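Welcome! Take a moment to look over the sequence and the model, and then we can walk through a few of the features together.

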Amino acid sequence: MERINVSTASEFIFIGLSDAPEVRFLLFVLFLLIYLATLAGNITILVAISTDTRLHNPMYFFLCNLSLLDILCPTITVPKMLEALLFENKVISFSGCMVQLFFLIDAVGTEIFLLAVMAYDRYVAICYPLQYMNIVNMKLCAYLIIGTWVAGFFNSLLHTSFIFTLFFCDSNEVDQYYCDIPPLLALSCSPTYTSELVILTVAGVLGSSAFLVTLISYIYILLTILCTNSTESRHKAFSTCGSHLTVVCLFYGTTICTYVRTSSSYSPKKDRIVSMLYGIFTPLLNPMIYSLRNKEVKSTLRRMTRQVRTAL
């Protein structure tokens, strides 16, 4: 069989979506509503934080970046999926697939690092409240945010460059609703050992490091909370940290299941479900868990609502 270099491939075809018209329409409506709700929630958070000077502090600075990532992540994949569901256009060009994969891995990697930074921020705020503003100043925040985006960029560049040096033989059908590493590895007919080794090593080292920072930060936070005498403060802190940990575990768990494994264990149906959890539902949940439960943010949103009503 003749090998065709991936650089000469003109397009890929997504086959991870239903062909039944009635199912496609229901899925289109469902994912469109989820996507619009995700955009509305995260844009609202961005506007609220940027317009209220009381929210101009490190914690909300990190939340702004999280909301930005939660807008970017579904925007990279969902519009193409909606087009495929509505118009049955399941074809994506080679360059489009490469760009989609690059920005998806970039957004996912950056969010992993950002969650670790946010956990460290909460650790300092709760464990060292009197020194918080001196330790986590805006200069450090800027360095941390730049570091997360730069790390996500180079992580994505490395993975993407390895994926698109592979060969694809007799099929260009991607068993997923977007271009991702596991289905492309499964589609390739060239040896993927090197690519898989690099992916597992880099994802393992960087992902594990970020997860350990997050885990250790929350362990210290929980220990500090347990030493608090006030029952009300303890209950409030437990509620907030429990919500944050739910999102962290959901995001880390789904991304690890997707990327930290060999191509031989790839399961298209399982991967579609897992990828929807971290790519579609987590960006929807983050505004509610990280921001909309916050009293200061809710106060700002109520003020914005009153201003809009007055203007109307």
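At what angle do helix H5 (residues 138-163) and helix H7 (residues 193-226) pack? The angle is about 165°, and the two axes lie 9 Å apart. Axes here are lines fitted to C-alpha atoms, for helices over the stretch in contact, and angles run from 0 to 180 degrees between N-to-C directions. H5 is therefore roughly antiparallel to H7, a term for angles over 145 degrees.

Before going further, a word on the ground rules. This is a predicted model, in which local features need pLDDT of at least 70 and side-chain atom pairs count only at pLDDT 80 or more, while totals for chains, interfaces and linings use all residues. Residues are numbered from 1 along each chain as its sequence is written, and side-chain values use heavy atoms, with hydrogens and water left out. Helices (H or I, at least four residues) and strands (E, at least two) are DSSP runs, numbered from the N terminus.

| Helix pair | Angle | Axes |
|---|---|---|
| H5 and H7 | about 165° | 9 Å apart |

H3 deserves a visit of its own. This helix has 34 residues and reaches 50 Å from its first C-alpha to its last, close to the 50 Å expected at 1.5 Å a residue; the expected span is 1.5 Å times one less than the number of residues. H3 is mostly covered, with 27 of its 34 residues buried, meaning under 20% relative accessible area (1.4 Å probe, protein chains only).

A search of the whole structure finds 1 disulfide, defined as a pair of cysteine sulfur atoms within 2.5 Å. Its partners are Cys97 and Cys179, with sulfur atoms 2.0 Å apart. The pair links distant parts of the chain, 82 residues apart: Cys97 sits in H3 (residues 94-127), and Cys179 in the loop between strand E5 (173-174) and helix H6 (181-187). Both Cys97 and Cys179 are buried. The torsion about their S-S bond is about -125°, so the disulfide is left-handed.

Cys227, by contrast, is in no disulfide; the nearest cysteine sulfur, that of Cys127, is 9.6 Å away. At 63% relative accessibility, Cys227 counts as exposed, the term for values over 50%.

Conventions. Angles under 35 degrees count as roughly parallel, over 145 as roughly antiparallel, 65 to 115 as roughly perpendicular and the rest as oblique.
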